[in-house]
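Subject: Structure handover

Hello,

Here is the structure I promised to pass on. Please open it first, then read my notes below.

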Amino acid sequence: MTSESGSPRGEQTATQTAPYLVISGGHRLAGEVVVSGAKNSALALMAAALLTTDGCRLRNVPDLTDIRTMGAILESLGVRVRPGGPHTLDIDARFLAVHRAPYELVNTLRASFFILGPLLARLGMARIPLPGGCAIGARPVDLHVRGLAAMGAEVRIEHGMVEARVRRLRGARIYLDYPSVGATETIMMAATLAEGETIIENAAQEPEVVDLANFCRAMGARIRGAGSKTIVVSGVPKLHAADYTVIPDRIEAGTFLTAAAITGSTLRLAPVIPDHLGAAIAKLRDIGLHVASVRPDCLEISADRPLVAVDIETLPFPGFPTDLQAPFMSLLAVSDGTSIISETVFENRLMHVPELNRLGADIRVRSGHAIVRGVPRLSGAPVTATDLRAAAALVIAGLAAQGTTTVNGLHHLDRGYDGFAAKLKAVGARIERIAPTPAAEADPNCEHPPSEPARSVVAGADPAPITAS
Ligand code: UD1
């Protein structure tokens with residue numbers, strides 16, 4: 001691809017040391033995008049596979065660095081993780097013996113904290129480094145910890161470690177001060193093998209919570225109410241093997257909807273579960289897009305009117321997802337009028353604003369709100385992603401920007417989007433991933449330096465185990 005400015009690689013080739021994307025903006029997309037399995041479901045399901053001594057098979061697992069990291073964490077505990085075919089993982093936790101998770105891996109993946117509940121339920125003890133803060137906010141784990149303590153676990157937090165012990169977890173009535181996805185999942189997993197009944201009140205209602213409940217049910221757990229505010233889990237002595245398919249990724253689908261919208265394109269997405277995208281679809285319609293189901297699992301979006309501003313407030317499901325806030329900000333940056341975006345879930349999740357402004361957006365941040373004044377067009381520039389969804393937002397903006405946009409910080413994008421650039425390219429985007437030379441690849445900021453490649457655990461023929469390195 002050659003940009004309008006002449007350089008096929010954007011402006012940064014002389015100093016570039018890590019992979020980056022070069023996007024030539026202003027081209028329409030057309031066709032159908034295949035949506036991958038949901039990252040956030042797959043990560044929780046991988047942890048839940050620890051609950052049984054039988055092997056489990058997970059299908060439709062996306063090929064992502066976060067999944068590889070979680071695989072490495074499970075292997076460090078003595079669990080066997082093998083690819084069972086394309087996008088399929090076989091997890092055998094029969095020999096789960098280690099109750100300590102390695103700091104170097106947990107540190108790169110907050111979702112690794114999900115193993116706390118299953119470790120306690122299976123081994124009666126767990127020692128896991130606190131996941132710590134991350135770019136989008138402090139993200140404490142107090143709700144996870146209080147839930148497990150209510151179930152009889154003795155939990156101490158010392159020297160940056162959460163150490164928990166229990167003879168056998170027992171059911172409890174637990175009210176969550178906030179409907180935390182992670183805390184609901186931790187408590188639900190722990191409760192499957194607890195003695196008696198656990199009631200989680202003010203539970204998260206996200207589709208990924210429902211998917212986890214369905215997987216646990218497939219393993220023999222007794223769970224009702226997942227998807228509502230009250231989840232009831234009746235503990236059973238043992239869970240068994242299950243073969244389970246992860247739901248489609250609603251956040252990936254929502255991101256592609258914004259890609260179509262910002263480029264004025266008609267695009268189909270499948271497989272999707274439209275009910276999982278209710279808030280995003282409602283906002284797209286308010287902005288002026290047509291969104292319709294053309295098959296039960298396929299959405300079509302088309303654009304034939306000018307885009308107009310809307311206000312968005314991120315909320316727990318079924319409210320507007322915080323994970324789509326950044327890509328929608330890119331879309332609203334070129335929509336006519338002033339939009340106010342209020343981020344209520346994570347306190348620090350507006351770091352993409354200065355980067356979008358580098359592309360010509362007019363966005364100001366005032367006490368957790370982004371005031372987005374629509375501009376007629378964005379203009380390409382080099383930009384750097386600060387977190388996973390910010391990375392997607394910058395790519396979306398680049399698709400519409402005049403000229404060439406280079407997006408750096410792809411290790412963020414690779415955590416959560418399986419083949420994002422390739423999928424966009426397949427529907428007509430002018431986008432290239434520029435790989436660095438091997439010598440230049442040693443980027444100290446990258447989560448997976450090339451000396452210790454995080455191998456694919458889901459994508460195909462290689463039957464070798466992943467390693468914890
Ligand atoms: C999950 C998703 C993430 C998504 C988020 C909200 C995974 C792997 N990640 O993250 O992509 O953006 O849900 O939909 O599934 N909180 C506490 N104490 C706790 C736990 C959470 O105060 O013990 C706070 C958090 O700081 C945050 C809010 O609750 O402000 C929501 O967090 P939570 O729903 O737990 O998100 P995660 O499970 O971390």
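Leaving aside residues up to four places away in sequence, V232 touches E197, I199, R224 and G225. Touching here means contact: C-beta atoms, placed from the backbone, within 7 Å. V232 sits in strand 12 (residues 230–234). Strands (E, at least two residues) and helices (H or I, at least four) are DSSP runs, numbered from the N terminus. V232 counts as partly exposed because it has 19 C-beta neighbours inside 10 Å. The cut-offs, on C-beta atoms placed from the backbone: buried needs 20 or more others within 10 Å, exposed 12 or fewer, partly exposed lies in between. R173 is 59 residues away from V232 along the chain, yet their C-alpha atoms are separated by 9.1 Å.

A word on the model. It is predicted: local features need pLDDT of at least 70, side-chain atom pairs count only at pLDDT 80 or more, and totals for chains, interfaces and linings use all residues. Residues are numbered from 1 along each chain as its sequence is written.

pLDDT is the predictor's confidence in each residue, from 0 to 100. The protein chain averages 89, and 88% of the residues score at least 70. Over residues 1–10 the pLDDT is below 50, and this stretch has 24 contacts beyond near neighbours in sequence. Residues 459–469 also stay under 50, with 27 contacts beyond four places in sequence. Where pLDDT is low, the predicted coordinates should not be read in detail.

Now the whole chain. It has 14 helices and 23 strands. Of its 469 residues, 52% count as buried. Among contacts between residues at least 6 apart in sequence, 74% join residues at least 24 apart.

Next, the ligand. There are 23 residues around it, and N40, L143, S180, V181 and G182 come nearest. Near means a C-beta atom, placed from the backbone, within 6 Å. Helix 1 (39–48), helix 5 (142–150) and helix 6 (181–192) each give two or more residues to this shell. Domain 1 (20–36 + 249–436) and domain 2 (39–245) both give residues to the shell, so the ligand lies between them. The domain bounds come from an automatic or database domain assignment.

Last, helix 6. Its 12 residues reach 17 Å from first C-alpha to last, close to the expected 16 Å. The expected span is 1.5 Å times one less than the number of residues. Helix 6 is mostly covered, with 12 of its 12 residues buried. Among them are V181, G182 and E185.

Best wishes

Notes: Two residues are in contact if their C-beta atoms, placed from the backbone, lie within 7 Å.
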